[in-house]
Amino acid sequence: THTPSFDPEKHWDGFVDIDSVIPDPEQPRGYFDPEDIAQLAGSIETEGQQVAIKVKPTLDPHNPKVKWKIIGGERRWRAMQALKQKEIRVTYSPLVRPRSHRAALVDNCCRADMTLGEKARAIKREIDEEGSSFQELAKAVGWHETYVYNLYRLNKLEPTLFESLSAPTPQKDRIPMTVGLELCTRDYETQLRTYLKATKGE
């Protein structure tokens, strides 16, 4: 397989070597359920890859094989890897290049398994690093502006408490949003003390 020729100003799709594709280390989702990936792999094995993954051109000075970075569809890429497929279908659009993180956020936000921590971290990046507004983000992802603002506030949680918003922390042990918002109004030491007392029933 060779990299298909393409005009970077035009949309295209085709098959490329799976080793030439890498995930985006800054994509919003940080955890992928192995059972979910296995289930998707079974579906792809039976039906084939029905939907191309979204990519953009990239370079890795440490690995000359790498040509593409995923902007949407990492679950399918992982499933194809699990199946030990040598090729994967990708699609490219110049329209998403300036906002690849936004595109990944929009692609993932409606999934039920995207955790509060992943959402909060993604919103913080869009606000702090990309210069987005709460109103702009709310419109892009289809969430209420207050919800987007509250997700941003969760980043004020003490780091270990923030990590408990997401997998691999079991669902039953994750901090609810209302509790997280109450805790993040306090300093780190008070947050930890308050949370420990609450979990012990004091």
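Asp173 is partly exposed at 36% relative accessibility, where partly exposed sits between buried (under 20% relative accessible area) and exposed (over 50%), worked out with a 1.4 Å probe on protein chains only. This is a predicted model, so local features need pLDDT of at least 70 and side-chain atom pairs count only at pLDDT 80 or more, while totals for chains, interfaces and linings use all residues. Residues are numbered from 1 along each chain as its sequence is written, and side-chain values use heavy atoms, with hydrogens and water left out.

**Salt bridges in general**
- Side chains of opposite charge can pair when their charged atoms come close.
- A salt bridge here is a side-chain nitrogen of Lys or Arg within 4 Å of a carboxyl oxygen of Asp or Glu.
- The structure has nine of these salt bridges.

**Lys172 and Asp173**
- These two side chains form a salt bridge, at 3.3 Å from N to O.
- Lys172 counts as exposed, with 70% relative accessibility.

**Asp13 and Arg89**
- Asp13 and Arg89 pair up in a salt bridge, at 3.5 Å from N to O.
- The pair ties together distant parts of the chain, 76 residues apart: Asp13 is in strand E1 (residues 12–17) and Arg89 is in strand E5 (residues 87–92).
- Strands (E, at least two residues) and helices (H or I, at least four) are DSSP runs, numbered from the N terminus.
- Asp13 is partly exposed at 40%, and Arg89 is partly exposed at 24%.

**Asp36 and Arg75**
- Asp36 and Arg75 form a salt bridge, with their closest N and O atoms 2.9 Å apart.
- This pair also links distant parts of the chain, with Asp36 in helix H1 (residues 34–47) and Arg75 in helix H2 (residues 74–82), 39 residues apart.
- Both Asp36 and Arg75 are buried.
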